[in-house]
Amino acid sequence: MRKYKIDHNFKLVTIIELYAQWIREGKLVVNADWNRDLKVKFTVQDPCNIGRKAGTNRIVDDLRFVLKAAIGEENFREMAPNRANNFCCGGGGGALQAGHTDQRKAYGKIKFDQVMETGAQYVIAPCHNCHAQIEDMGAHYGGAYHVVHLWTILCLAMGILDENERSYLGPDLAMVGL
Amino acid sequence: MARVIDIDDCTCELKEQITHLLPDANLDLCLTCGTCTGGCPASEQYDMDPRRFLRMVVLGMDDEVRNSPWAWVCTMCARCKHACPMDIDIPKLIYNVRASLPREERPKGIRGSCDQHIKAGNAMGVPRDDFIFTVEDVAEEIRENQPAFKDLKVSVDRKGTAMVLNQNSREPVTEPDELGPLWKILHLVDADWTYPSVMWAGENYCMFLADDEGWRYILEEFVHHVDINLKSPLVVNTE
């Protein structure tokens with residue numbers, strides 16, 4: 001909208017910032033008790049658009065705050081590098097539909113190695129390009145991790161995740177809280 | 001084989017054109033240090049990297065630049081710009097090289113998604129009524145099967161709500177059950193929200209296609225719908 005100088009009255013935010021705000025205000029009560037003994041490890045992919053391109057780490061820091069509230073600080077694993085310095089997954093900018101599949105996979109190998117290095121079983125990738133690309137890299141290079149939405153893990157942590165909302169969870173979490 | 005490039009004779013049309021559009025892109029300031037290339041995951045694909053790409057533009061190798069598919073392997077992630085000591089805007093250079101190609105020569109997959117978005121308001125081409133039906137249907141299922149959420153409310157185009165949400169079209173189309181957890185969270189915090197029926201999808205392949213006209217159209221339609229029709233003060237990106 002800035003690019004084309006289109007005036008607008010509304011403000012634009014990400015749902016991640018709202019989750020963080022609701023948790024801080026106590027409106028959303030999330031805790032990590034479910035994962036105290038399970039110790040399932042999570043990492044996050046910092047999408048370029050809300051990390052580096054946002055010009056601030058505010059949103060990706062909120063992402064960590066929200067996720068840690070839901071899984072426990074001790075079960076969070078950082079990729080390196082991360083936040084503003086993070087590597088793009090290789091699925092952005094239209095790459096998923098650009099047709100240069102071999103090149104996209106070679107590009108994505110860097111992200112795959114980063115994820116594997118964390119040892120995490122779950123990746124939160126709050127951008128659909130990242131989500132699809134990291135899932136695809138896992139299938140292609142043989143990673144056992146799962147890519148899931150943040151809302152899935154928040155609902156899991158609040159004990160309100162229904163049976164048919166668990167398609168993307170691994171067998172380790174398929175029954176948790178049911 | 002090395003090729004002699006006569007700088008005095010260089011027409012550098014692409015560079016002139018892009019410099020005109022992007023006076024702040026600093027294309028001439030490159031020190032050839034290679035920091036961009038060292039940190040770029042697309043380096044070496046198709047024997048190309050950001051430094052080489054920029055040098056080729058600056059040296060007027062316009063045909064070679066346009067014929068390289070590399071502009072579509074680069075994801076415009078801006079890691080190069082972030083690291084560049086001269087703040088050269090390589091992502092915008094890439095965007096404008098994409099835009100300099102005839103539309104029909106840009107990748108078919110991206111073009112198809114952009115065309116669908118212009119027509120239907122989402123990259124997957126879902127008709128408006130199908131989107132509304134899916135939303136209502138999934139919500140009804142939750143109300144029936146999950147007693148704690150028997151009062152769950154969803155809406156499309158409700159006016160004057162505190163927030164308007166976009167939604168990537170992948171969810172309603174290929175994995176509608178993924179919508180439930182988001183709505184339940186919104187329900188718990190008593191959020192006053194709605195989906196727009198116009199340009200409701202979170203993705204935007206016209207931006208990737210470097211289709212300025214299409215991208216602008218999508219934004220204008222969306223802004224008009226939210227500001228004028230729905231009169232909501234907040235738009236929430238749900239990705």
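1. Domain separation in chain B. In this predicted model, the C-alpha centres of domain 1 and domain 2 of chain B are 35 Å apart. The assignment places domain 1 at residues 10-101 and domain 2 at residues 108-236.

2. Overall form of chain B. The chain contains twelve helices and three strands. Its radius of gyration is 23 Å, whereas the globule rule gives 18 Å for 239 residues, so chain B is more spread out than a compact globule. The C-alpha trace of chain B spans about 75 × 30 × 30 Å along its principal axes. Of the 239 residues in chain B, 44% are buried. For contacts in chain B between residues at least 6 apart in sequence, 73% join residues at least 24 apart.

3. Contact between the chains. Chain B contributes 50 residues to the contact and chain A contributes 48. On the side of chain B that touches chain A, the elements giving two or more residues are helices H5 (79-83), H7 (108-120), H10 (179-188), H11 (205-209) and H12 (212-230), together with strand E3 (234-237). By class, that side of chain B has 28 nonpolar, eleven polar and eleven charged residues.

4. Strand pairing across the contact. Strand E1 (residues 11-14) of chain A runs parallel to E3(B) and is joined to it by four bridges. A:Lys11 stands opposite B:Leu234, and A:Thr14 has B:Asn237 as its bridge partner. E3(B) also pairs within its own chain: strand E1 (residues 163-165) of chain B is parallel to E3(B), with two bridges between them. There, B:Leu165 has B:Val236 as its bridge partner.

5. Helix H5 of chain A. This helix covers residues 150-157, and eight of its eight residues are buried. Among them are A:Trp151, A:Thr152, A:Cys155 and A:Ala157. The cover over the buried residues of H5(A) includes H1, helix H2 (58-71), strand E3 (122-124) and strand E4 (146-148) of chain A, as well as H10 of chain B. After H5(A) comes A:Gly159, which has a positive phi near 70°.

6. A:Leu154 as an example from that helix. A:Leu154 is one of the buried residues of H5(A). Apart from its neighbours within four places in sequence, A:Leu154 is in contact with A:Tyr19, A:Val30, A:Ala70 and B:Ile185.

7. The largest nonpolar core. This core has 114 residues, and A:Ile124 and A:Leu154 touch the most other members. H2(A) supplies the largest share, eight residues. Domain 1 (10-101) and domain 2 (108-236) of chain B both give residues to the core, so it lies between them.

8. A:Val29. A:His149 is 120 residues away from A:Val29 along the chain, and their C-alpha atoms are separated by 18 Å.

Notes:
Residues are numbered from 1 along each chain as its sequence is written. Chains are lettered from A and ligands numbered from 1 in the order in which they are written. This is a predicted model: local features need pLDDT of at least 70, side-chain atom pairs count only at pLDDT 80 or more; totals for chains, interfaces and linings use all residues. Domain bounds come from an automatic or database domain assignment. Two residues are in contact if their C-beta atoms, placed from the backbone, lie within 7 Å. Ala, Val, Leu, Ile, Met, Phe, Trp, Tyr, Cys and Pro count as nonpolar, Asp, Glu, Lys and Arg as charged, and the others, Gly among them, as polar. Two strands pair if DSSP finds at least two bridges between them. A residue is buried if 20 or more other C-beta atoms lie within 10 Å of its own, exposed if 12 or fewer, and partly exposed in between; C-beta atoms are placed from the backbone. The radius of gyration is taken over C-alpha atoms; the globule rule is 2.2 Å times the number of residues to the power 0.38. A nonpolar core is a set of buried Ala, Val, Leu, Ile, Met, Phe, Trp, Tyr and Cys residues joined through C-beta atoms within 7 Å.
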